[in-house]
Amino acid sequence: MLSSLVVLSLLGSSMARTSVDPMSLFKRISSSCGTSGPLSCYNTTAVDTCCTEYPGGLILQTQFWDTDVADSPADSWTIHGLWPDNCDGTYTEDCDPSRDYTNITALLTTQNATSTLDYMEQYWLNDDGTSQELWEHEWATHGTCYSTLEPSCLPSGSPAGAEAVAFFETVVRLFQTLPTYTWLAEAGITPTSDSTFTLEELLSALEAGSGGYTPALSCDDGALDEISWYFNLRGSIIDGEFVAINSPESSDCPTTGIQYLPKESS
């Protein structure tokens, strides 16, 4: 069983970006679940799937390092998504096509989540198409698979699409607690075309920054392009507590000669 647990509150953390007020992105709805229930992937008895994520209780917060996306911030990785994997190495996708919402911008605006939308427009960018297309894909492919975001789990009277708004707000809040760029920079690792890094150097820097947790790094032709941080969850995706764990998967980067290239836009 996975070990090395720590609770990350989505309402504030010593790991959060200091330039962003998490309360400005606070949830629009409450799950009423609390955070005293069973931890996802650790329950051994029947659970309320509105208040315990099941079966997808192994959660990945994935980030891109894209070097060729216009207006991508030079000093930050960007959001890829938040994925619910099952606790046995499997996962499901596209769980409810009836809730494949389009025009996420309008959905967030209508439900007064413009602070979240503003942040997404800066830090949730598509490397192959529009950001809107990526947001729609991430919700339809992964967001619809969260048991705690089933419409029947929402408070009575919630507007249509409220579970998707809650999903996007949670993704943003969790991303804010994971400043991958900053943790690497604090160890003297910044984008460069003049030198390379070892996998050990990169992981050691990230473990130091995160308080001892090992992510999984991905490379494309020997260059960093993605990272996955892993969690279990206590409570609902809407307002639960994410519990950091070491990645159960190994990084797919080479052990030496890894490039961390500057962004072209910078």
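A disulfide is taken here to be a pair of cysteine sulfur atoms within 2.5 Å, and by this rule the count comes to five disulfides. The structure is a predicted model, in which local features need pLDDT of at least 70 and side-chain atom pairs count only at pLDDT 80 or more, while totals for chains, interfaces and linings use all residues. Residues are numbered from 1 along each chain as its sequence is written, and side-chain values use heavy atoms, with hydrogens and water left out.

The protein chain has six helices and eight strands, where helices (H or I, at least four residues) and strands (E, at least two) are DSSP runs numbered from the N terminus. Followed along the sequence, these elements give the pattern β-β-β-α-α-α-α-α-β-α-β-β-β-β. Among the contacts (heavy atoms within 4.5 Å) with a separation of 6 or more, 75% are accounted for by residues 24 or more positions apart.

Of the 266 residues in the protein chain, 52% are buried; buried means under 20% relative accessible area, exposed means over 50%, and partly exposed lies in between, with a 1.4 Å probe and protein chains only. The chain exposes about 11,300 Å², of which carbon and sulfur atoms supply 47%; such areas come from the Shrake-Rupley method with a 1.4 Å probe, and for residues only the protein chains shown count as cover.

The disulfides can now be taken in turn. Cys 33 and Cys 51 form a disulfide with their sulfur atoms 2.1 Å apart, and the link is left-handed, with -75° about the S-S bond. Both cysteines of this pair sit in the loop between β1 (6-8) and β2 (58-64), 18 residues apart. Cys 51 is partly exposed, its relative accessible area being 22%.

Cys 50, which also lies in the loop between β1 and β2, is bonded to Cys 153 with a sulfur-sulfur distance of 2.0 Å. This link, too, is left-handed, at -75° about the S-S bond, and it reaches to the loop between α3 (131-141) and α4 (162-176), where Cys 153 stands 103 residues away from Cys 50. Cys 153 counts as buried, at 14% relative accessibility.

The pair of Cys 219 and Cys 253, with sulfur atoms 2.0 Å apart, has 95° about the S-S bond and is right-handed. Because Cys 219 lies in strand β5 (residues 216-220) and Cys 253 in the loop between β7 (241-245) and β8 (258-260), the pair ties together parts that are 34 residues apart in sequence. Both Cys 219 and Cys 253 are buried.

When the bonded cysteines are numbered in sequence order, the pairing reads 1-4, 2-5, 3-8, 6-7, 9-10.
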